[in-house]
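Here are my notes on this one, as numbered points. Have the model open while you read.

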Amino acid sequence: MLDFGVVDTFYQGFTSILVVLLWYYFLSGLFNWKSILKILVLAFLLGVLSVFVADFILLIMVLINFASQFIQKNLLDYDKSGILLLVVIIQVLIGNIAMFLGRMSVRGLYNVSNLMGVQYYTHELLIVYVIFVIAINYVVLFFYRRYSHKIASVSQKIKELNLSKSLFELVLIFYVAIESIMLISLNENITATIQLTLITSFIVMLLMMLWQMVFFIRSYMKKQEASHQAKQNTQLNEYLKSVEQQYLELRRFKHDYKNIMLSLQDSISNGSSSEQLPYFKELIAQSAIDTSLDNGKIAKIQYIGNETLRGLIVQKFFDAQTKGIELSLELDQSEFIIW
């Protein structure tokens, strides 16, 4: 392990915390111009604290975040807490990669024969480390923006399925494992290469589990959509049956109404009910009910054996009637069945 000076340790901690906070506020939807000042102040204060606690500053930041949530709401916000843990895990990996690449770069630039010789170039190493951290995060941001719509879709599905808590617990387990590796590495003086290898292995496992979770969510959502579509189809069939029944009842009523009108007309023509003549003329003038349903345009609709198609035709007939469109249906057999 390398021992940075006080100033260099502050800058390293400040950089790590600043990047974590920027990602956290950005992914949580809290990032704006006003939040920048808050982020800088928090990064500065925690950067000062990192001089005393070194590599455990991110753990302290996570614990402070959890404690503040309990104090304010008496419970954890699993969505934001999961985002914070995921960001910290990714930044730990990026930090280890940047430190490894920084050491290799310093060895090449200053012709250092072994990693122990890098201790004499800690200031230069810090500069290279910061450059690599910024560069790698820029690459991550590029891919995030490129696939942001897919990430947002998965995030929305996680909320819909109430999986935020389960995902938080999964990420928390991996974070505890990574912190354990860092603690053991610090106490046992494990080389940075071995530490990076172990952490990378855990991150790969995490990504594989996340991918499996995304696959499960997509499969479950497709099943839910199919079930919802089937339910909608059932409701539509019931509605169309109701429309068809109303249509048939209206036809029967029209038929009876027409017979009554014919009887009245015949009675009036014979002069046997002359007192009914004003009422009959009033009914004719009002044209209360259109007799277009009796013209046989869809009079044989009941011969169609497919309920969905039959109801759909009835619905379209009424839509056409409303818009003044002529619609006719001709059937050349008494039973017309579509499979």
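**Notes on the model**

1. Aromatics first: searching the whole structure turns up 10 aromatic pairs, where rings of Phe, Tyr and Trp (its six-membered ring) pair if their centres lie within 6.5 Å, with planes under 30 degrees apart called stacked, over 60 edge-to-face and the rest tilted. Phe10 and Phe44 are an edge-to-face pair, because their ring planes sit at 75 degrees, with the centres 5.7 Å apart. Phe10 belongs to helix α1 and Phe44 to helix α2, so this pair ties together parts 34 residues apart in sequence. Helices here are DSSP runs (H or I, at least four residues) and strands likewise (E, at least two), numbered from the N terminus.

2. A word on provenance. This is a predicted model, in which local features need pLDDT of at least 70 and side-chain atom pairs count only at pLDDT 80 or more, while totals for chains, interfaces and linings use all residues. Residues are numbered from 1 along each chain as its sequence is written, and side-chain values use heavy atoms, leaving out hydrogens and water.

3. The cut-offs are under 20% relative accessible area for buried, over 50% for exposed, and partly exposed in between (1.4 Å probe, protein chains only). Phe10, Tyr11, Phe14 and Phe44 form one aromatic cluster.

4. Now the helices behind it. α1 (residues 6–27) and α2 (residues 33–53) pack at about 145 degrees, their axes 7 Å apart; axes are lines fitted to C-alpha atoms, for helices over the stretch in contact, and angles run from 0 to 180 degrees between N-to-C directions. On the α1 side, the contact residues include Phe10, Phe14 and Leu18, and those in α2 include Ile39, Phe44 and Val51. Contact means heavy atoms within 4.5 Å.

5. Overall, the protein has 10 helices and zero strands. Buried residues account for 32% of its 339 residues. Of the contacts between residues at least 6 apart in sequence, 71% join residues at least 24 apart.

6. Val92 is buried, with a relative accessible area of 7%.
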